[in-house]
Amino acid sequence: MFPAFAAKPAWTYSNKMKKPIGPKWCPGHMTTCLLLIFLITPCAGQNETNAARDSTAGPDKAPAKESRSYIDPLFYIKGQLCQHLRKIYQDKSGNLWFGTNVYGLMRYDGDTLVYFSKKDGLGGGRITGIVEDKDGNVWFGTYGGLTQYDGTAFTNFSVTVGPFNNDVWSIAIDRHGMFWVGTMEGVFRFDGEIFTPFPIPKAIVSDTTTILSYDRITRIIEDKNGVLWFGTDGFGICKYDPSAIQKGGPSFSHFTKKDGLCDNNIYDLMEDAAGNIWIGTMYGGLSMYDGCSFTNFTENGVISGVEVGGFYEDKTGNIWFAAENHGVYRYDGASFTNFNTTDGLNTNGVLCIFEDRQGRFWLGGWGGLFRFDRTSFFSVTKDGPWAE
């Protein structure tokens, strides 16, 4: 479910960039996808800028052929915003951004829904991360590198020249304004101009099962102490403490199954307000690390589902997450409540959960965009409902 790849790439060319961008991947269920990786040639060079051209054409309005991604008829839902929505973010101006797996980006400004694709300057159609810098620029992780939106135009930054370096899987901005970028070939730091490789050591594991790449970094977060946590594809979690050298200790440490982690294939990480680290994995379900030990909720039979991600802490402190084929869970600090198709949720394949500043609760995933009004779930189309 979560990486959502299938094995039918379709090469596309941007009329503006005049060079191959890379393969478009069809959405598909992780446990049934044939995970074939094709060598791609990323865009060479950085700072390719295109003025954004608003387009209201969506999946059922047939955008121009050169910007249209392959549509899997098995999962196409007429009238929905997209087939597969994987990221939701609200910027400082109040705009809601929706990152998809096929149709690039959507932005809702409170009045109008706008689609942005590669012909508008976006670096790639699969959006794997959305962050905002201190100047209000919104950044997107794509399979074409990093894309910056300054409110007027998109600027694309290639990580480096290499088969998979531009295939970004995670992005984070630390307290010093440094970008940390997780790719198929490891970690890079980005200061706004230059990408610098940041090699991290691998843990020693007995089973080196990996999904896409031994060097893929699936998730990056910075905790309240300034420690960086890197989720890996088969090697558990690597922690980097920049202050450790001054303290006389090692700057890197690892957590794997032998340390109590439920699985070494990490999908998602989140630190909650209390400082606990929530860990979603691909094969072991849900773990929580309290700074001393792990609690493995799936292994202990508390929740169902082995593929876990989409963490979100709402305004009242509830922890939300998705479990493949089992809908979403809400943890109130004492117990878990499960919501699924029997509760009106139209999909059990949720990828992202978000509460905006207006108090609206959003869920994205297989089948598009959904809302939760604290009582029931309902689908959101281009016509809404957007307001409460």
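## Exercises on a predicted chain

Arg-126 lies in the loop between strand 7 and strand 8 (129-132); strands are DSSP runs of E with at least two residues, helices are runs of H or I with at least four, and both are numbered from the N terminus. This is a predicted model, in which local features need pLDDT of at least 70 and side-chain atom pairs count only at pLDDT 80 or more, while totals for chains, interfaces and linings use all residues. Residues are numbered from 1 along each chain as its sequence is written, and side-chain values use heavy atoms, leaving out hydrogens and water.

**Exercise 1. Decide whether Arg-126 is buried or exposed, and find its side-chain partner.**

Step 1. Recall the cut-offs: buried is under 20% relative accessible area, exposed is over 50%, and partly exposed is in between (1.4 Å probe, protein chains only).

Step 2. Arg-126 has a relative accessible area of 2%, so this residue is buried.

Step 3. Look for a polar contact, meaning a pair of N or O atoms within 3.5 Å; within protein, one must be able to donate a hydrogen and the other to accept it, and residues adjacent in sequence count only if both atoms are side-chain atoms. The side chain of Asp-167 meets that of Arg-126 at 2.3 Å.

**Exercise 2. Describe the setting of Asp-111.**

Step 1. Asp-111 belongs to the loop between strand 6 (105-108) and strand 7 (113-116).

Step 2. With a relative accessible area of 66%, Asp-111 is exposed.

Step 3. Its side chain joins that of Thr-112 in a polar contact of 3.0 Å.

Step 4. Trp-386 is 275 residues away from Asp-111 along the chain, yet their C-alpha atoms are separated by 9.0 Å.

**Exercise 3. Classify two of the aromatic pairs.**

Step 1. Rings of Phe, Tyr and Trp (its six-membered ring) pair if their centres lie within 6.5 Å; planes under 30 degrees apart are stacked, over 60 edge-to-face, and the rest tilted.

Step 2. The whole structure has 45 aromatic pairs. In one of them, the ring centres of Phe-98 and Trp-362 are 5.9 Å apart with planes at 65 degrees, so this pair is edge-to-face.

Step 3. Phe-98 sits in strand 5 (residues 96-100) and Trp-362 in strand 29 (residues 361-365), so the pair ties together parts 264 residues apart in sequence. Phe-98 is buried, at 0% relative accessibility, and Trp-362 is buried, also at 0%.

Step 4. Now take Phe-198 and Phe-252: 6.0 Å between centres and 45 degrees between planes make a tilted pair. Phe-198 is in the loop between strand 15 (195-197) and strand 16 (217-222) and Phe-252 is in strand 19 (residues 252-255), so parts 54 residues apart in sequence are tied together. Phe-198 is buried at 9%, whereas Phe-252 is partly exposed at 25%.

**Exercise 4. Which arginine lies over the face of Trp-362?**

Step 1. A charge sits over a ring if NZ of Lys or CZ of Arg is within 6 Å of the ring centre and within 35 degrees of the ring normal.

Step 2. Arg-371 lies over Trp-362, at 5.0 Å from the ring centre.

Step 3. For a second example, the charged end of Arg-216 is over the ring of Trp-169, 4.6 Å from its centre.

**Exercise 5. Find where the model calls for caution.**

Step 1. pLDDT is the predictor's confidence in each residue, from 0 to 100.

Step 2. The chain has a mean pLDDT of 82, with 79% of its residues at 70 or more.

Step 3. Residues 1-46 stay under 50, and the model gives them 144 contacts (heavy atoms within 4.5 Å) beyond four places in sequence. Residues 53-57 also stay under 50, with 13 such contacts.

Step 4. Where pLDDT is low, the predicted coordinates should not be read in detail.
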